Amino acid sequence: MEILRCEHLSKIYGTGDTSVKALDDICFSVEKGEFVSIVGPSGSGKSTLLHILGGVDKPSCGKVFIGDTDIHSLKEDKLAIFRRRQIGLVYQFYNLLPVLNVDENIILPHLLDGRAMDKERLDLVLEQMGLTDRRNNLPSQLSGGQQQRVSIGRALFNHPAIVLADEPTGNLDRKNGAEIISLLRESNRTQKQTLLLITHDESIALQADRMICIEDGRITRDERIRVLGGEA
């Protein structure tokens, strides 16, 4: 079942002689439960693509469908609600609020959506992320790896249709990075969580079901690494 579809996405920054085409006619789709890695050199358009897929940036032309929803046709307030409910975002630099503890950072999008606290779900996410004994800590009291676990827990808390991760291990050492990828893969395998992950690390990219390569804003390769949900 298709969960994400991009149709002829392009993104141009600037005008005239100073314009830069960050994305150039990007088309692909992703199946529910698929783990897709997106790779390419710096400046290739990877992060721009992820921001457009997540509704954080708008394309110059083209469409993004998540389920049956053309996300960029939504008004800003409706898009913000859709993003909180259906899209989990994980960034390299965590984006945690320093005055909130672990519990509060994880449930913040849920509370902003006006929904009642789901304590059972929170306890489960904390257990999955290995943060049960850190739930009252502020971000400044956590290691980088633990902060990224909080970020992932926040992304997963609302059972999103899709999780988008932009270099989630880029600010971590190899050991913590491996643990973060293991957590994301576990969510993909056990909960059938659809995952798109940007990385410069080929060893991480090859753990996905499928790898999309981007250069100069265009897809240059799109290949399956393993059978969906299976092993290489």
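How many of the eight residues of helix 1 (residues 46-53) are buried? Six of the eight are buried, so that helix 1 is mostly covered; buried means under 20% relative accessible area, exposed over 50%, and partly exposed in between, with a 1.4 Å probe and protein chains only. The buried residues of helix 1 are Lys46, Thr48, Leu49, Leu50, Ile52 and Leu53. Gly55 follows helix 1 and has a positive phi, near 75°. Helices (H or I, at least four residues) and strands (E, at least two) are DSSP runs numbered from the N terminus.

The model is predicted: local features need pLDDT of at least 70, side-chain atom pairs count only at pLDDT 80 or more, and totals for chains, interfaces and linings use all residues. Residues are numbered from 1 along each chain as its sequence is written, and side-chain values use heavy atoms, with hydrogens and water left out. The chain has a mean pLDDT of 91, with 97% of its residues at 70 or more; pLDDT is the predictor's confidence in each residue, from 0 to 100.

Helix 5 has 14 residues and spans 20 Å from its first C-alpha to its last, close to the expected 20 Å at 1.5 Å a residue. The expected span is 1.5 Å times one less than the number of residues. Because 13 of its 14 residues are buried, helix 5 is largely enclosed by the rest of the structure. His159 follows helix 5, with a positive phi near 50°.

Helix 5 (144-157) also gives two or more residues to the lining of the largest pocket, as do helix 2 (76-86), strand 6 (87-90) and helix 3 (102-112). On a 1 Å grid over the protein atoms alone, a pocket is an open set of points with protein on both sides within 12 Å along at least five of seven lines, a cavity is a set where a 1.4 Å probe fits but cannot get out, and lining residues have an atom within 4 Å of a point. The largest pocket has a volume of about 400 Å³, where a volume is the space filled by probe spheres set on points joined across faces, edges and corners. Of its 15 lining residues, Arg84, Ile87, Leu89, Pro109 and Arg154 lie nearest the centre. The lining divides into nine nonpolar, three polar and three charged residues; Ala, Val, Leu, Ile, Met, Phe, Trp, Tyr, Cys and Pro count as nonpolar, Asp, Glu, Lys and Arg as charged, and the others, Gly among them, as polar.

The second largest pocket has a volume of about 210 Å³. Thr169, Arg174, Gly177, Asp201 and Ile204 are the closest to its centre among 15 lining residues. Helix 6 (174-190) and helix 7 (202-205) each supply at least two residues of this lining, and helix 6 gives the most, with four. By class, the lining has four nonpolar, seven polar and four charged residues.

There are two cavities of 30 Å³ or more. The second largest cavity holds about 30 Å³ of space. Leu50 and Leu89 are among its lining residues, and helix 1, strand 6 and strand 7 (162-166) each supply at least two.
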